[in-house]
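User: I am new to this structure and would like to learn how to read its features. Please take them one at a time.

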Amino acid sequence: MPAIHTASDLSRAFARGDMSPVEATDAALARIEAWESKINAMFIVRRDQARADARASEARWRGKHPLSALDGVPITIKENIYTKGDAAPIGTKANEGTAVPDADAPPAARAREAGCVLLGKTTMPDYGMLSSGLSSMHGITRNPWRLDRNTSGSSSGAGAAAVAGYGPLHLGTDIGGSVRLPATHCGIFALKPTLGRVPVNPPFLGRVTGPMTRTVTDSALLMNELTKPDARDFMSIAYQPIDYVAALAGNLEMWART
């Protein structure tokens with residue numbers, strides 16, 4: 001099996017039975033094993049839990065009741081997007097030893113509810129305030145295209161993970177360019193959604209969570225899940241049940257006619 005697949009390819013393969021979420025997860029973990037010593041993109045890797053989640057997803061696909069089109073698709077999540085039981089020092093040694101979150105933040109919760117397989121958490125610079133891949137907690141995150149360069153920031157690990165093939169889906173956060181700058185430096189696609197479109201917790205004026213992927217369609221698939229409502233974000237905007245994949249296809253068709 002090739003090491004890198006898009007989320008849309010994986011979803012179709014799972015539905016046909018041509019590939020299993022276990023195979024996809026093992027392939028992503030093998031990429032982490034091969035590349036992590038070079039690029040330092042991961043803060044936490046949850047190998048055992050990821051494999052267990054992949055087996056559960058495999059059973060759902062075999063039973064013809066996947067949780068979503070993204071059920072079983074591997075994902076990484078930026079360190080500052082809380083996941084239950086995982087430390088979130090926000091990239092800095094100043095927060096080493098602080099309390100561990102006891103609940104998933106809304107974007108992480110939506111990914112789990114969709115059945116995505118969480119591989120682990122990606123690195124970021126101190127407090128997300130450097131436009132580089134340098135962190136007092138995590139060290140330097142390297143750009144897979146050029147190991148003598150970093151990925152830019154602050155979603156530095158997510159950008160590197162996307163390039164290196166650590167699964168097709170990655171979540172970053174953005175205020176002033178933190179998903180868009182790594183996307184530019186790494187040659188991937190990233191989206192900063194409208195403030196409030198993707199609920200977050202704790203609410204934060206200006207910071208949004210957005211997808212970072214190798215294709216636009218994969219980001220659209222992820223937006224279908226991320227935008228679902230969550231009452232914890234009092235700044236979120238009214239939920240609109242938009243099918244981002246269908247909207248993307250419609251726009252492409254319109255552009256083709258012009």
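User: Where does Thr-83 lie?

Analyst: This is a predicted model. In it, Thr-83 sits in the loop between strand E2 and helix H4 (106-113).

User: Is Thr-83 buried or exposed?

Analyst: The reading rests on relative accessible area, and under 20% counts as buried. Thr-83 has 0%, so Thr-83 is buried.

User: Which residues is Thr-83 in contact with, leaving aside neighbours within four places in sequence?

Analyst: They are Ile-77, Pro-101, Ala-103, Asp-104, Ala-108, Arg-112, Leu-118 and Lys-121.

User: Where is the place of Thr-123, and is Thr-123 buried or exposed?

Analyst: Thr-123 belongs to the loop between strand E3 (117-122) and strand E4 (134-135). Its relative accessibility is 1%, so Thr-123 counts as buried. Not counting residues up to four places away in sequence, Thr-123 touches Asn-40, Ala-41, Met-42, Phe-43, His-138, Thr-141, Ser-154, Ser-155, Ser-156 and Gly-157.

User: Next, helices. Which residues of helix H1 are buried?

Analyst: The general idea is that an α-helix has 3.6 residues a turn, so residues three or four places apart point the same way. In H1 (residues 7-16), the buried residues are Ala-7, Ser-8, Leu-10, Ser-11, Ala-13 and Phe-14. The buried residues of H1 pack against H2, H3, strand E2 (74-78), strand E8 (169-174) and helix H7 (216-226). Just after H1, Gly-17 takes a positive phi of about 85 degrees.

User: How do the axes of H2 and H3 cross?

Analyst: The axes of H2 (residues 21-39) and H3 (residues 47-62) come within 7 Å, crossing at roughly 155 degrees. An angle over 145 degrees counts as roughly antiparallel, so H2 is roughly antiparallel to H3. The crossing of H2 past H3 is right-handed.

User: Which residues meet there?

Analyst: From H2, Pro-21, Val-22, Thr-25, Asp-26, Leu-29, Ile-32 and Glu-33 take part; from H3, Arg-47, Ala-50, Arg-51, Ala-54, Arg-55, Ser-57, Glu-58 and Trp-61. The residues of this contact divide into seven nonpolar, two polar and six charged.

User: Last, how many disulfides are there?

Analyst: A disulfide is a covalent bond between the sulfur atoms of two cysteines. The count here is zero disulfides. As for cysteines, Cys-116 is buried because its relative accessibility is 6%, and Cys-186 is buried at 1%.

Methods
Residues are numbered from 1 along each chain as its sequence is written. This is a predicted model: local features need pLDDT of at least 70, side-chain atom pairs count only at pLDDT 80 or more; totals for chains, interfaces and linings use all residues. Side-chain values use heavy atoms; hydrogens and water are left out. A disulfide is a pair of cysteine sulfur atoms within 2.5 Å. Buried means under 20% relative accessible area, exposed over 50%, partly exposed in between (1.4 Å probe, protein chains only). Axes are lines fitted to C-alpha atoms, for helices over the stretch in contact, and angles run from 0 to 180 degrees between N-to-C directions. Helices (H or I, at least four residues) and strands (E, at least two) are DSSP runs, numbered from the N terminus. Angles under 35 degrees count as roughly parallel, over 145 as roughly antiparallel, 65 to 115 as roughly perpendicular and the rest as oblique. A crossing is left-handed if the near helix is turned anticlockwise from the far one by less than a right angle, and right-handed if clockwise. Contact means heavy atoms within 4.5 Å. Ala, Val, Leu, Ile, Met, Phe, Trp, Tyr, Cys and Pro count as nonpolar, Asp, Glu, Lys and Arg as charged, and the others, Gly among them, as polar.
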